[in-house]
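The entries follow the order in which I looked things up.

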Number of protein chains: 2
Amino acid sequence: MVFGLNGKVLRVNLSNRNMSVETPEEDFYRRYFGGRAMVAYYLLRELEPRIDPLGPENKLVFVSGIVTGAPVPGSGRNTIGAKSPLTEAFGDADVGGFWGAEFKRTGYDAVIVEGKAKRPVYLWIHDDEAEIRDASHLWGKATAESQALICRELDDRWIRVAQIGPAGERLVRYACIVCDLHHFAGRSGMGAVMGSKNLKAIAVRGHKKLNIADPKRLGAIAKWLSSNYFELVGELADLGTAQVLSGLNALGGLPTRNFLGGTFEGAEKISGEAMKESILIDRRGCYACPIRCKRVVRVEGPYAMDPRYGGPEYETIAALGSNCGIADLKAIAKGNELCAAYGLDSISTGNAIAFAMECFEKGLLTDKETGGVELRFGNGGAMVRMVKMIGERSGIGDLLAEGVRKAAEVIGGCASECAMHVKGQEIPMHEPRLKHGLAVGYAVSPTGADHCLNMHDTLFAKQGRPLERIKALGILKPLPPDDLSPAKIRLLIYGTDERTLFSCLGLCYFLPYEYSQLVDIVQSVTGWNSTTWELLKVTERGVNMARVFNIREGLTVQDDELPRRFFAPLTSGTEGIAKAIRRESFAKAKVTYYKMMGWDAKTGTPMPEKLQELGIGWVVAELRPFSNDVV
Amino acid sequence: MVFGLNGKVLRVNLSNRNMSVETPEEDFYRRYFGGRAMVAYYLLRELEPRIDPLGPENKLVFVSGIVTGAPVPGSGRNTIGAKSPLTEAFGDADVGGFWGAEFKRTGYDAVIVEGKAKRPVYLWIHDDEAEIRDASHLWGKATAESQALICRELDDRWIRVAQIGPAGERLVRYACIVCDLHHFAGRSGMGAVMGSKNLKAIAVRGHKKLNIADPKRLGAIAKWLSSNYFELVGELADLGTAQVLSGLNALGGLPTRNFLGGTFEGAEKISGEAMKESILIDRRGCYACPIRCKRVVRVEGPYAMDPRYGGPEYETIAALGSNCGIADLKAIAKGNELCAAYGLDSISTGNAIAFAMECFEKGLLTDKETGGVELRFGNGGAMVRMVKMIGERSGIGDLLAEGVRKAAEVIGGCASECAMHVKGQEIPMHEPRLKHGLAVGYAVSPTGADHCLNMHDTLFAKQGRPLERIKALGILKPLPPDDLSPAKIRLLIYGTDERTLFSCLGLCYFLPYEYSQLVDIVQSVTGWNSTTWELLKVTERGVNMARVFNIREGLTVQDDELPRRFFAPLTSGTEGIAKAIRRESFAKAKVTYYKMMGWDAKTGTPMPEKLQELGIGWVVAELRPFSNDVV
């Protein structure tokens, strides 16, 4: 009896409509139990190097974590991975909601989608059965329509749908995958990969009961969380992820006007508090989670919203709001709705628009290119219009749909100065000048700048749970935010491993579990006699395999770079503690990072012995043709 | 309120009779909570490089572990460290019994002994009080006499005494420290260091109650162990550590005749079973432990024993028995008694005698040197006489008291071929040809060949608890005994960390706790919200600091060597699975070990980034004058 998982992986080839089922050994799950670890395993094993990410030879992998779907709060997450069309490198994105848990109830732990369908299709997985169904009638539809149509034609309102919108169909390079309309596997352009395969959706419905090794013990943890979450993360429940906005602004680290500034004069109009007092009408949550940090909003008037979509997260508020100089929460909510409807990553979308606004203000783009839109910072109407144009690849939207790196190349001049990205992926709404450890984290992240799996320094850890959690790994004292000493790099590495662990488990990082509870959860679900050590080694495997994937793709240490802007002080609103990153310290810190990771100091390549220590000696062979000096 | 520890370290300078008390921060304990980690901290911080280990500038450090003395089975252990006179390198030795727990009840966590007393003294520590007392009347006394005298003059039969015998007084380089007569901090020659300071004993008696953070939770673990130990380690209780003798012999890995053979024709006469059926009259245990694996024996006749001393452990039976070709359990018991009375490490003593026997048989030593003793393999009487002569440094005993490395140099010729040691410390009774991972473990151990902190491969892990325990770190499958692949080196590293962890905790390695229970124990005792990760990082700190200590002493990778004998097949009794170690594989495996440890491949020096990752960046400065190439 294997606990906590189904022991089955579905493989679907859309080119020849072949479907097969694989049954990995239990040890496979124990070594790569979900998230980045399992995604990296499949991508490294199965993709040929240097393929076209939008070609049929790319594979799109949906994996659940070992805890996904277990009856414990926070277990509603899963990961989707593929080679990224945005970065041409390792790509993955996590997502919460209900799809992952429902998928696991179908009897599968993962789906590997290969090839390309001749015509639009969707996949319908229900209780061990899988069907490839026609999706011609869904193609071009906004996500709310297509979800409604799928549920209607399959006649089950409890079906969960992971799908792309028109943006994914049109291969917008940062198209996302939308789950249950309210949850987004946002980053790395996974929606474009799905679109390139003519796969509109994966609809799931299952009735399998997960075997839990020790339901009673798991129940005790669930009960603890339910009884204590409000005390521990009550503000998250109350204000949603936007709870951090005011604080970041006060510290001078709220991304403003394409990262030119760190404080936004309109911050209090778009804060979590402001949302609560204005457009918020309810809260929503994810599978088995009592926290309910998601927002339900109502907007009437010129920015009237479709009520089937949800309200914006912090990342979206900052990306479409402060970073575009926009202090109008209704416009932001509308922009957010359009991102959900078109299936666009709101972080990259906001960045792309802010980039275009800066270019417009600097004269690098004119009325001519924008089709008459006054693309200035603060213009909420223009922002909303741009989201739509990107989703439809119309006008300038077609260029911005390529991501800021490529768009800047086309625009030329000093547009590249305005393109805020790492490895081609746009910067999330955490200002690295406020948290210098994050600067290195952004630079070395295999997916490009990422807000999910990098630690956010210890700046905000003083009051709360995170410091206690990291303390349990032996990091006993917080470090100054602008520190870039080896101690900070150690914190970065441990913190990144910690976040990656939540992802690999299929558990939400916001849940205030201590490590001992995480181990308890894994032991209760799987029956494995596991430890924090074993769990963190799974994530280390993921981080290393993703790195190797990128090396195989030709990426080098030159790609572990930050936009130049971060090495200069903020040009407005500098009253906070955000400081320019010192180039020398940053360069030195990266080398420290490589060496501390067990990577070659010059090439950033994982040493064979590090891979062997992680129990993934097979990965060494993947490096052979690419770095003669270290193997 | 600090839990689990007293927060006080006693510093005693015997030269000027100054005593002072230090109160380290709680974080100090959390980073270096005992055992090798705490010893290495003090030696690295406080000793000048390249001092005379028998000079007043050496320091002798007695440390308890964070769990020592807590009411949980196995917590009776502590560690004693100093620069070793046997290896001229890092030295430490663990010991069980009752001394450590009693010491902790005096109100101190550690004692640092500095300088050298003008005349023999002993230290009397009782409930925060410490006195330096005259020991002239104890000097020269066997351990049982001197213990009786101390208890009588202090008028308390519950006093616990850690002391040296005449061997330590005479600076036998492998003199041990004897605790409660039955327990031995055997290795590294800590008794000689104590003797060099004119310190006969440390007597302790305390009434402080240790503050336990969560006594109820700790009680539950204690209860579990007490209810389950017999099922889990019943054979250990029944047969003592000698339980392994028959099995090792059957596999061809019982050290026989100075490691020339691996099977001993007299094995069944000296096995745990044989002892049980002959001289065994009772069992004894350590503080708070129900297992009682120690032997109580009675021997009458020519080898009549003083009943105040205990019976032999496996290591002693093999060292004085099979490795000297002796199948007479009574002679072995007598030899063991003399080791306890003189304060001699029985492993090194047995090795020294076996070395001398081989030299005698090969004509390198003759009647003349041995004073007429027929020093042949199998001669029980000669062995017993030799133990005495070593303890008294009389005749050839004076030469053998220097350890086999130095003795071989004096004898010359091919005597060095017979000197079985690593870094000058004699080989324990685990044949590395039977467990090739152990071969590398012996070679790289900072104290020279060591049986406590190196893993014993997975050979015997199949039936029992150890494999389950190591599985919890992610090593899911056992490996063949003669494997020396990177996977085996990973096992060696994790296994060594595991053993070192028990030592640092002050907990006995024989206790069948799982990692989750170890974490439970630490959390219950200290209130720290700890993890397996944090605990194993403490031990990794210890291993790295000890390595740095040795580099500072001038040791190089050349010192990570094994006796040549192990690279050739066993010359007798080769029916088992023991196989010659292949020199090339061994050399390669060592490099793998260095790199996997985060050490420089050529110099075996810990990389600064590894030390920084361990949170001991201060150690980098210790390396500076010694290895320009890596800092």
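**Entry 1: the interface between the chains**

I began with the contact between the two chains, to which chain B gives 37 residues and chain A gives 37 residues. I note at the outset that the model is predicted. I then looked up the area that chain B and chain A bury between them, and found about 3300 Å², with 57% of it on carbon and sulfur atoms.

Next I asked how many salt bridges there are between chain B and chain A. The count is 4. I also looked up the pair A:Asp27 and B:Lys477, whose side chains form a salt bridge with an N to O distance of 2.5 Å.

**Entry 2: helices 2 and 21 of chain B**

I turned to helix 2 (residues 35-46) of chain B and helix 21 (residues 532-552) of chain B, whose axes come within 8 Å and cross at roughly 35°. I recorded the crossing of these two helices as left-handed. On the side of helix 2 of chain B, the contact is made by B:Arg36, B:Ala37, B:Ala40, B:Tyr41, B:Leu43 and B:Leu44. Helix 21 of chain B contributes B:Val538, B:Gly542, B:Met545, B:Ala546, B:Val548, B:Phe549 and B:Arg552. Sorted by class, this contact has 10 nonpolar, 1 polar and 2 charged residues.

**Entry 3: helices 19 and 20 of chain B**

I then examined helix 19 (residues 486-505) of chain B against helix 20 (residues 515-526) of chain B; they pack at about 25°, their axes 12 Å apart. Helix 19 of chain B is therefore roughly parallel to helix 20 of chain B. Their crossing is left-handed. I listed B:Glu498, B:Leu501, B:Phe502 and B:Leu505 from helix 19 of chain B, and B:Tyr515, B:Leu518 and B:Val522 from helix 20 of chain B, as the residues that make the contact. The classes are 6 nonpolar, no polar and 1 charged.

**Entry 4: helices 12 and 14 of chain B**

Last, I looked up helix 12 (residues 346-361) of chain B and helix 14 (residues 380-392) of chain B, whose axes come within 10 Å and cross at roughly 115°. Is this crossing left-handed or right-handed? I found that it is right-handed. Helix 12 of chain B makes the contact through B:Thr349, B:Ala352, B:Ile353 and B:Met357, and helix 14 of chain B through B:Met383, B:Met386, B:Val387 and B:Ile390. I divided the residues of this contact into 7 nonpolar, 1 polar and no charged.

Conventions: Residues are numbered from 1 along each chain as its sequence is written. Chains are lettered from A and ligands numbered from 1 in the order in which they are written. This is a predicted model: local features need pLDDT of at least 70, side-chain atom pairs count only at pLDDT 80 or more; totals for chains, interfaces and linings use all residues. Side-chain values use heavy atoms; hydrogens and water are left out. Axes are lines fitted to C-alpha atoms, for helices over the stretch in contact, and angles run from 0 to 180 degrees between N-to-C directions. Helices (H or I, at least four residues) and strands (E, at least two) are DSSP runs, numbered from the N terminus. A crossing is left-handed if the near helix is turned anticlockwise from the far one by less than a right angle, and right-handed if clockwise. Contact means heavy atoms within 4.5 Å. Ala, Val, Leu, Ile, Met, Phe, Trp, Tyr, Cys and Pro count as nonpolar, Asp, Glu, Lys and Arg as charged, and the others, Gly among them, as polar. Angles under 35 degrees count as roughly parallel, over 145 as roughly antiparallel, 65 to 115 as roughly perpendicular and the rest as oblique. Buried area is the accessible area (1.4 Å probe) that two parts lose on being put together, summed over both.
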